[in-house]
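This briefing is meant to be read with the structure open beside it.

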Amino acid sequence: MEATNNVKKKKSVLIRERKEQAQKGGASTAKLLNCPTSPRKMRLVVDLIRGEKVEKALYILKYTNKEAATRVEKLLLSAIKNWEASNEDKRVEDSELYVKEVTVGGGRQLKRLRPAPQGRGYRIRKRSNHVTIVVDSKTTEPQN
C-alpha cells in the first residue's frame, strides 16, 4: 500500500529536509525576526517582489517609498550572499536568481496603555513581524 505521498510530515522533518537541500546547493533562505513593523505594512512591500528576478526586486525595493522596503532590501541582499556561500562554483549573474518564496508572519506584540477619558486606558498593540525570503536559481544543472 503506497500511502507515503499522502502522509503529512512533521514540521521538524520538513525543516531538516529543507536544510539538507540547502546544503546541496539549492535554494537559500534569510530570516528577519522581530522587525518592529506591523505585518500588514510589511506584506504590502513583500508582495511587490514575490516571484521576481533578484535584480528587478532590488530595483523595486530601492525605489519603493516605504520604511519596510529598506529592511526587506537588506534581507534580500543577505539571502543572495547565503546563496553565493552555498554555491561557490556558480556566478550570481549566470544563474538567474529569483525570489522563490516570501512569507511574513506576526511576531510578538508589545502591549501598552494610552490614557483615555474618564480614567480609562486604551490598549495599544505595537506589532512586529518575521520575514523569510527564499532565493533560488532558475537554471538547474543535473547532480552527478
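In this predicted model, the axes of helix 2 and helix 4 come within 9 Å and cross at roughly 50°. An angle of that kind is neither roughly parallel nor roughly perpendicular, so helix 2 counts as oblique to helix 4.

**Helix 2 against helix 4**

- Two packed helices are described by the angle between their axes and the distance between the axes.
- The crossing of helix 2 past helix 4 is right-handed.
- On the helix 2 side, the contact is made by Met42, Val45, Val46 and Ile49, and on the helix 4 side by Ala68, Ala69 and Val72.
- Val72 touches Met42, Val45, Val46 and Ile49, and also Leu61 and Ile133, when residues up to four places away in sequence are not counted.

- Which residues of helix 2 are buried? They are Pro39, Met42, Val45, Val46 and Ile49.
- Seen down the helix axis, these buried residues fall within an arc of 125°, so they line one face of helix 2.
- An α-helix has 3.6 residues a turn, so residues three or four places apart point the same way.
- Arg40, Lys41 and Leu44 are exposed on the other side of helix 2.
- The cover over the buried residues of helix 2 includes strand 1, helix 3, helix 4, strand 2 and strand 5.
- After helix 2 comes Gly51, which has a positive phi, near 85°.

**The largest nonpolar core**

- The largest nonpolar core has 25 residues, and those with the most contacts inside it are Met42, Val72, Leu76, Val131 and Ile133.
- At least two residues of this core come from each of strand 1 (28–35), helix 2 (39–49), helix 3 (54–62), helix 4 (67–86), strand 2 (97–106) and strand 5 (129–137).
- Which element gives the most to this core? It is helix 4, with 8 residues.

**Leu75, in helix 4**

- Leu75 is found in helix 4.
- Is Leu75 buried or exposed? Its relative accessible area is 7%, and the cut-off for buried is under 20%, so Leu75 is buried.
- Beyond its neighbours within four places in sequence, Leu75 is in contact with Ala30, Lys31, Leu32, Val131 and Ile133.
- Leu75 and Thr29 are 46 residues apart along the chain, and their C-alpha atoms are separated by 9.4 Å.

**Leu58, in helix 3**

- Leu58 has its place in helix 3.
- With residues up to four places away in sequence not counted, Leu58 touches Glu73, Leu76, Leu77 and Ile80.
- From C-alpha to C-alpha, Leu58 and Ala69 are 9.7 Å apart in space, and they are 11 residues apart in sequence.

**Asp136, in strand 5**

- Asp136 lies in strand 5.
- With a relative accessible area of 14%, Asp136 is also under the 20% cut-off, so Asp136 is buried.
- Leaving aside neighbours within four places in sequence, the contacts of Asp136 are Gly26, Ala27, Glu96, Leu97, Tyr98 and Lys100.

**The chain as a whole**

- The protein chain has 4 helices and 5 strands.
- From the N terminus on, the order of these elements is α-β-α-α-α-β-β-β-β.
- Of the 144 residues in the protein chain, 29% are buried.
- Among contacts with a separation of 6 or more, 69% are between residues 24 or more positions apart.

Methods:
Residues are numbered from 1 along each chain as its sequence is written. This is a predicted model: local features need pLDDT of at least 70, side-chain atom pairs count only at pLDDT 80 or more; totals for chains, interfaces and linings use all residues. Side-chain values use heavy atoms; hydrogens and water are left out. A nonpolar core is a set of buried Ala, Val, Leu, Ile, Met, Phe, Trp, Tyr and Cys residues joined through side-chain atoms within 4.5 Å. Buried means under 20% relative accessible area, exposed over 50%, partly exposed in between (1.4 Å probe, protein chains only). Contact means heavy atoms within 4.5 Å. The arc is that of the directions from the helix axis to the C-beta atoms. Axes are lines fitted to C-alpha atoms, for helices over the stretch in contact, and angles run from 0 to 180 degrees between N-to-C directions. Angles under 35 degrees count as roughly parallel, over 145 as roughly antiparallel, 65 to 115 as roughly perpendicular and the rest as oblique. A crossing is left-handed if the near helix is turned anticlockwise from the far one by less than a right angle, and right-handed if clockwise.
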